[in-house]
There are 6 protein chains.
Amino acid sequence: MNKQHIINNAEYFIHDEPYYEPSANEVDIFNSALAENIPVLLKGPTGCGKTRFMEYMSWYHKRPLITVSCHDDLSTSDLVGRYLIKDNSTVWQDGPLTTAVRNGCICYLDEIVEARKDTTVVIHPLCDDRRILPLEKLGELLPASPDFCLTMSYNPGYQSAVKDLKPSTRQRFISIDFSYPAENIEAAIVHQESKLSMQQCEHLVKLAHMTRNLVGNGLEEGASTRLLVHTAKLISRGFEANLACKCGVANAITDDEETKKLLHEMIDTVF
Amino acid sequence: MNKQHIINNAEYFIHDEPYYEPSANEVDIFNSALAENIPVLLKGPTGCGKTRFMEYMSWYHKRPLITVSCHDDLSTSDLVGRYLIKDNSTVWQDGPLTTAVRNGCICYLDEIVEARKDTTVVIHPLCDDRRILPLEKLGELLPASPDFCLTMSYNPGYQSAVKDLKPSTRQRFISIDFSYPAENIEAAIVHQESKLSMQQCEHLVKLAHMTRNLVGNGLEEGASTRLLVHTAKLISRGFEANLACKCGVANAITDDEETKKLLHEMIDTVF
Amino acid sequence: MNKQHIINNAEYFIHDEPYYEPSANEVDIFNSALAENIPVLLKGPTGCGKTRFMEYMSWYHKRPLITVSCHDDLSTSDLVGRYLIKDNSTVWQDGPLTTAVRNGCICYLDEIVEARKDTTVVIHPLCDDRRILPLEKLGELLPASPDFCLTMSYNPGYQSAVKDLKPSTRQRFISIDFSYPAENIEAAIVHQESKLSMQQCEHLVKLAHMTRNLVGNGLEEGASTRLLVHTAKLISRGFEANLACKCGVANAITDDEETKKLLHEMIDTVF
Amino acid sequence: MNKQHIINNAEYFIHDEPYYEPSANEVDIFNSALAENIPVLLKGPTGCGKTRFMEYMSWYHKRPLITVSCHDDLSTSDLVGRYLIKDNSTVWQDGPLTTAVRNGCICYLDEIVEARKDTTVVIHPLCDDRRILPLEKLGELLPASPDFCLTMSYNPGYQSAVKDLKPSTRQRFISIDFSYPAENIEAAIVHQESKLSMQQCEHLVKLAHMTRNLVGNGLEEGASTRLLVHTAKLISRGFEANLACKCGVANAITDDEETKKLLHEMIDTVF
Amino acid sequence: MNKQHIINNAEYFIHDEPYYEPSANEVDIFNSALAENIPVLLKGPTGCGKTRFMEYMSWYHKRPLITVSCHDDLSTSDLVGRYLIKDNSTVWQDGPLTTAVRNGCICYLDEIVEARKDTTVVIHPLCDDRRILPLEKLGELLPASPDFCLTMSYNPGYQSAVKDLKPSTRQRFISIDFSYPAENIEAAIVHQESKLSMQQCEHLVKLAHMTRNLVGNGLEEGASTRLLVHTAKLISRGFEANLACKCGVANAITDDEETKKLLHEMIDTVF
Amino acid sequence: MNKQHIINNAEYFIHDEPYYEPSANEVDIFNSALAENIPVLLKGPTGCGKTRFMEYMSWYHKRPLITVSCHDDLSTSDLVGRYLIKDNSTVWQDGPLTTAVRNGCICYLDEIVEARKDTTVVIHPLCDDRRILPLEKLGELLPASPDFCLTMSYNPGYQSAVKDLKPSTRQRFISIDFSYPAENIEAAIVHQESKLSMQQCEHLVKLAHMTRNLVGNGLEEGASTRLLVHTAKLISRGFEANLACKCGVANAITDDEETKKLLHEMIDTVF
């Protein structure tokens, strides 16, 4: 086997248990899908814990996790691999998907709808019972390692029609819907990550809910759990809560002057 | 002959008989077309068995099968081949179509309408009585091996006008129309693949029919047989059927909240 | 002279007389244009015999025929040639047009309107009395061999305005209009190619005429002679004519359910 | 001086006097502009003699003529030059414009409005009193040879607004307007080139005028002098004039069935 | 470690204290975010001091500052790095982001909304608690140095909807809003930089306020502090203030004749 | 220092005093801006003397002038530099901007609004007090030579909104507005360059004013001083003034038949 193909899996392993609070039965569903080699799609808003969930499952199953942030310019070659010139000869270098397929990693394609069509199509033969990756440039059919698992995610809230998944892609995945955690769980998460007092964390979660109710009325998306953690950390360092919320929540989620004013009034109510 | 041209056909052969339940006379038609060197077009919805049919025919005729998933960025070079630099010289590497033409394989172009115009045009001289592939970059006319056979597929249900095949391409193919299998056959397939009880499988097929009736009213496509198999596998592992259907069917085929609610109600009716 | 420039003309010669039934005086016009070095444009629907006509003329004049299927991505370099890297140096490789110009071949640009503007422009100096091909990348003006002849074709029936030829290109060609052969000639062609009984062939031609009358009312193009030959071959192998026509004619030319139903009714009338 | 820069001018010289009938004072204007180093723009319809005029002026002044047919994909590098890899090193190769600038040729940019903006901009420093060509990739300012002369042409009749020349380009050129030759001159040209009887040539010119009156009413452009010569040659070879006009004029300039019918009626009137 | 990876940090250090007048608590917020590894977004109009603020913070913390001006064509490779060919082998060269991640620099992405989607996406894993940069082409996960800090900026005033940040990017940053300095501070800045009399500087600031009130009524943006400094420098050199303001303010911010006239009248009022 | 970086400045120096007639205080403003390192923007119509002004200032200050004609396809690499392959290794080659920055030249970006966004953005750090050019591909921050000066120009008359400069670019430049010279100065310029009698030159300027009044009513731009010089040269050689004006003015600035007729009538009035 070519040396290029061996990765140092160590760096892709999650060594410490990530802090993760399950919301429903997402862990069970994922485990079953993994056992049955069924690809999984995670749907839900920004910063609600999809990435953390994948880290948790990777740690739990002790399988390396390879995450690819998808975008408009991600080509098939970026995923599958390409030839490089080394010492006057071409050497093949695996892309992250091929690395995952070959080494039995969990491959997580984040924000899959941002990717170009060729990216979504290249995973098709991996997602049915063939479980192969055609490496056309190598003229090779790579069978997936038994441990290989494919997951992908997107946020259905702000996808335009043109960026929808093709049915022929969708119908290869079962889907787990994510949402923001329940209020008490979310406050516990913010507290755990920022060490801010539980009471203050509850106020932050209350504020977050107010912003989430504005979605569609001037806001594209409400404050994520991640933003609450940022803000809580600023408060923990001694910043006034009102100011921290303006920097960490209001100004972070909108540029619109009227919406910003409304958010500032909400902050004044809570803190 | 150049070493680059010899493929290890072994990996393209289907060694075990794929499970395939014929719906009508598609096997006979395919056999006749194969004998007469007439290219074949398979039309039908996602996940209704077109790929499985090709695997079955490949196994039946003991001819290697080379499948290409077409997409927006698939170029002629991806199909036909390209020059690579090796040891300070350029070496030609056959693409999957050329490999199929040279070695007498069945070449299956999946979702052909996704391909760019140059892809569809490059097959023209292979699809009439010339049966040649012009390798322009080699300055060579490659005559097809007698065993070479060209098939392609697409889903007429969700093609936009701009993605229609050009008449000059269409008129080189006879067409076999595929649809979802009859209810009893579909239930048998799901049972065979998931080992779920026949009765449960019949319920799943009933649910699938309900979703297929929604096509055009909020759904782009109904649940495929493949999704039913996924869902059946989850139930087989002990998941509650109602929950499995929500993950494996409803949430997998729509992001629209209203349609999802309607599908959940259907699931509540069936399970 | 550089070795790269010598082609093995043998493979471009048509060795056996192609079966061709002239419809009008197209052979005479072509011969005169050839003698006068006037480029020729063939216009007509898909599969009515333009390519076969070119093969026949190539065989008749014993001049090699180089056919290029034009498409959106065909660049000037694809036609004229490009540099390749060989043993640390660049080597020029003629494209098919340059090969034809240098070796006195008939060059046939099929579906010229699909090509990009640069393709149509590069032929301009070959199409007036200069008869030269500027090889800009070689810094060379290549005079055409006396036997070189340029022809091109397109289907005026389904060209959009944007894909029209530029007047400065059109006005360098005389034009021969092709249409489907007369009924008795078309039946004879189908009979000759499929060995199906003359009577059955006449029925097929009758059906083809019915489809051609639908053009503009749901069909982009009627059934071509080539499709009739395909269908006749299926019937010859023992397939029921009605079924063969559905696969080989109706389903092959439309995806529209209503049009398909109408075509099936026509087939039921004829067979 | 680098060997790459020396061209064999011989092939760019016009050795025999081209047949050219002046229409007005275009020869005098061109000669004055040449003497004053003023760039010249030729405007006029397709096939009215602009290219022939350039060949005549090239022959008259015994200066080599380098013609570039412009198109959408013509890049600055195509005009100016590029680096090639030869024996593991890069070698610069002049493009046609640089060759002309260096060697004192007449450079003729045919259909300049088809070129991309970068093409038209690269000629700016050549078109004012600087008369230099910046070879940015060589880091060199190339002064034009005293004999270098720049001309360009386009057809104002069918340019869309988007393809107009930029004022900053236009205002560097004086303009000579071309039109079809006067009737008697055009008949003489057709006679001279085809050896068809003068009377027949006059009929052809009469027909051409009828088509030119249709411009804007179904025709984008009337029959050019070049098409008349083609048609006259067919008649000279013994073809019936009526048939030759249909192939060489009517079908060559339109695809529209109604316009074609009208043109055929015109032909029936004249011949 | 590869030599390519070591940068001469010296040139990225800010050695002399930049002149910076804080407007509010932006320094405190930035320091807290830096301590908590929270990425920071600076929002505000052109030339109001965002870049100067970053230089000041870089000097204050004695961390090298790497600034990237974002634009439409900035690719992931421009940020992350690419392979170069050196002595017949490929050598990896870090891009500015990778250099910053590896060496613990402050990375400042100026006008981030101008960048393509792939640029904004590549920073995602750096902006949550993973703090890693996947170097896909090296097959490596680069952990950020503890001193690495990511900031970015844009001007919310003239962003079109299409150029908005994606929520999944926004929600990784806390936001500091910048505006023009208060009048007395702005006059002091202009005085400090130009040595123009404080009184004249106050007049310039008064003029700037008049232009800023025109935003939305013919002006896209008012005069920046930077333009005032330019103008003050011209006046310091003995230019008449009225003329200097026309060149340095009015004509610099508009091409519209009416708006220019209005601005000239304002200038006549002030000077 | 790398040999590639040393340019032969000699060819970029203006050795003879260019003929330039100042219109207002543009020379003083430019000199002050140069002394204060403030970048300068020249605005004004085609052919009114912006380029000549730059040549004059270059000669006056004895600093080499590097002019770049901007266009749609001008990339950052074209300005900044790129790697070339030489003898199996990559060698960096400075682009014209880098050459100017390194060697203390005046860099003049002509028609800057034609350039792509990345071009305008790359100059930002050169245009504030940083005065550095980040050479990202070299991983180097190049400080500008004290003599380096950046100027750019465009014609505000025919810029579309999409091609406007970004405010963040504009606000780094002071602006000098150019217009056509006063009548007597313009006549003197035409006389000086063409040696045509002063009286005739005055007539030409009168004609030019008539065309400039038509701008917006059929003409995109009036006749430039440059066109008058061309026309005057033709008249000097003995051409009839009326004819020379038609070629050199009317037909050069319009293709529209009605506008051309109107211009011809104007010419008949003047000559």
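Is B:S32 buried or exposed?

**View 1. B:S32 and its contacts with chain C.** In this predicted model, B:S32 has a relative accessibility of 9% and therefore counts as buried, where buried means under 20% relative accessible area, exposed over 50% and partly exposed in between, with a 1.4 Å probe and protein chains only. The residue B:S32 belongs to helix α1 of chain B, residues 26–35; helices are DSSP runs of H or I with at least four residues, numbered from the N terminus. Leaving aside residues up to four places away in sequence, B:S32 touches C:L234, C:R237 and C:F239, a contact being heavy atoms within 4.5 Å.

**View 2. F:E186 in helix α7 of chain F.** Helix α7, residues 183–194, holds F:E186, which counts as buried because its relative accessibility is 0%. Residues touched by F:E186, not counting those up to four places away in sequence, include F:P181, F:H209, F:R212 and F:V205. The C-alpha atoms of F:E186 and F:V205 are separated by 6.9 Å, although the two residues are 19 residues apart along the chain.

**View 3. Chain C superposed on chain D.** A rotation of 60° with 0.0 Å of shift along its axis brings chain C onto chain D with an RMSD of 0.1 Å, by least squares on the C-alpha atoms of residues with pLDDT of at least 70 in both. That is the relation of a six-fold axis. Only 5% of the interface residues of chain C are also interface residues in chain D, so the copies meet through different surfaces.

**Notes.** Residues are numbered from 1 along each chain as its sequence is written, and chains are lettered from A, with ligands numbered from 1, in the order in which they are written. Local features need pLDDT of at least 70, side-chain atom pairs count only at pLDDT 80 or more, and totals for chains, interfaces and linings use all residues, while side-chain values use heavy atoms, with hydrogens and water left out.

Conventions:
Helices (H or I, at least four residues) and strands (E, at least two) are DSSP runs, numbered from the N terminus.
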